[in-house]
Structures are given as C-alpha cells and as structure tokens.
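This briefing is written to be read beside the sequence and the 3D view. Please keep both open while going through the points.

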Amino acid sequence: MAQDPNSERLTGVVTNFDEPKGLGEITLDDAPAVFPFHCVSIADGTRNIATGAAVSFLPLLKLGRREAADIRPV
C-alpha cells in the first residue's frame with residue numbers, strides 16, 4: 001500500500017460496515033467521495049466500528065484504487 005507523501009488525514013463517516021466480512025466504506029464530510037476499508041485498517045485493533053461513526057483516516061492507493069487506513073474515531 002502506498003501512502004501519498006502529500007496526503008493529510010481526512011475526516012468522514014462510516015456509511016457501511018459488514019462485520020462478518022470485515023468490509024466497510026467511509027464517505028467524506030465535504031465531498032461525495034467514498035473510501036472502502038478492511039477491518040484491519042481500524043487503528044485500535046478491535047476490527048469493529050459502528051455505522052455512523054465519525055472518523056479520521058489516511059487515504060492510500062492500493063492496486064490503483066483509493067482505500068482508507070489508520071481509521072480512528074473523532
């Protein structure tokens with residue numbers, strides 16, 4: 001996974017999280033962009049996060065698509 005060296009933490013809301021699959025999506029606060037994520041990207045190690053949670057995260061580029069990493073509640 002490559003982090004853009006110029007990227008800063010973004011903020012958004014968890015709009016979807018499928019606990020059995022460990023897959024979710026974050027929608028940005030100020031734009032319609034969606035960042036998918038896997039539960040291992042949740043910074044506290046719980047591998048679970050509530051839908052509707054406000055979060056900050058680092059945007060990554062993985063296999064040519066955007067993903068969220070280092071997800072932290074705000």
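The points below cover confidence, strand pairing, the nonpolar core, an aromatic pair and one arginine.

The model is predicted. Its mean pLDDT is 90, and 91% of the residues reach 70 or more.

**Confidence**
- Strand E1 (residues 2-3) has the lowest confidence, with a mean of 53.
- Confidence is highest in E3, where the mean is 97.

- E2 and E3 run antiparallel and are joined by 6 bridges. Across this pairing, Gly-12 stands opposite Leu-28 in E3.
- The two strands form a hairpin with 4 residues between them. Gly-22, in the turn, has a positive phi of about 75°.
- E3 is also antiparallel to E4, with 5 bridges between them. Val-34 in E4 is the bridge partner of Thr-27.
- The hairpin from E3 to E4 passes through 5 residues.
- Side chains alternate along E3: Gly-24, Ile-26 and Leu-28 point to one face and are buried.

**The nonpolar core**
- The largest nonpolar core has 15 residues. Those that touch the most other members are Val-14, Ile-26, Phe-37, Ile-49, Val-55, Phe-57 and Ile-71.
- E2, E3, E4, strand E5 (54-62) and strand E6 (65-73) each supply at least two residues of this core.
- Not counting residues up to four places away in sequence, Ile-26 touches several residues, including Val-14, Phe-37, Val-55, Phe-57 and Ile-71.

**Aromatic pairs**
- The whole structure contains 2 aromatic pairs. In one of them, the ring centres of Phe-17 and Phe-37 are 5.8 Å apart and the planes are at 5°; planes under 30 degrees apart count as stacked, so this pair is stacked.
- Phe-17 lies in strand E2 (residues 10-18) and Phe-37 in strand E4 (residues 34-38), so the pair ties together parts that are 20 residues apart in sequence.
- Phe-17 has a relative accessible area of 13% and is buried. Phe-37 is buried as well, at 4%.

**Arg-66**
- Arg-66 is in strand E6. Its relative accessibility is 41%, so it counts as partly exposed.
- Arg-66 lies over the face of Phe-35, at 4.7 Å from the ring centre.
- Leaving aside neighbours within four places in sequence, Arg-66 is in contact with Ala-33, Val-34, Phe-35, Pro-36, Leu-60 and Leu-61.
- Arg-47 is 19 residues from Arg-66 along the chain, and their C-alpha atoms are separated by 20 Å.

How values were computed:
Residues numbered from 1 in each chain as written. Predicted model: local features only at pLDDT ≥ 70, side-chain atom pairs only at ≥ 80, totals over all residues. Heavy atoms only, no water. Phe/Tyr/Trp six-rings, centres within 6.5 Å; stacked < 30°, edge-to-face > 60°. Buried < 20%, exposed > 50% of the residue type's maximum accessible area, 1.4 Å probe, protein only. Lys NZ or Arg CZ within 6 Å of the ring centre and 35° of its normal. Core = buried A, V, L, I, M, F, W, Y, C linked by side-chain atoms within 4.5 Å. Contact = heavy atoms within 4.5 Å. pLDDT = per-residue confidence, 0-100. Pairing = 2+ DSSP bridges.
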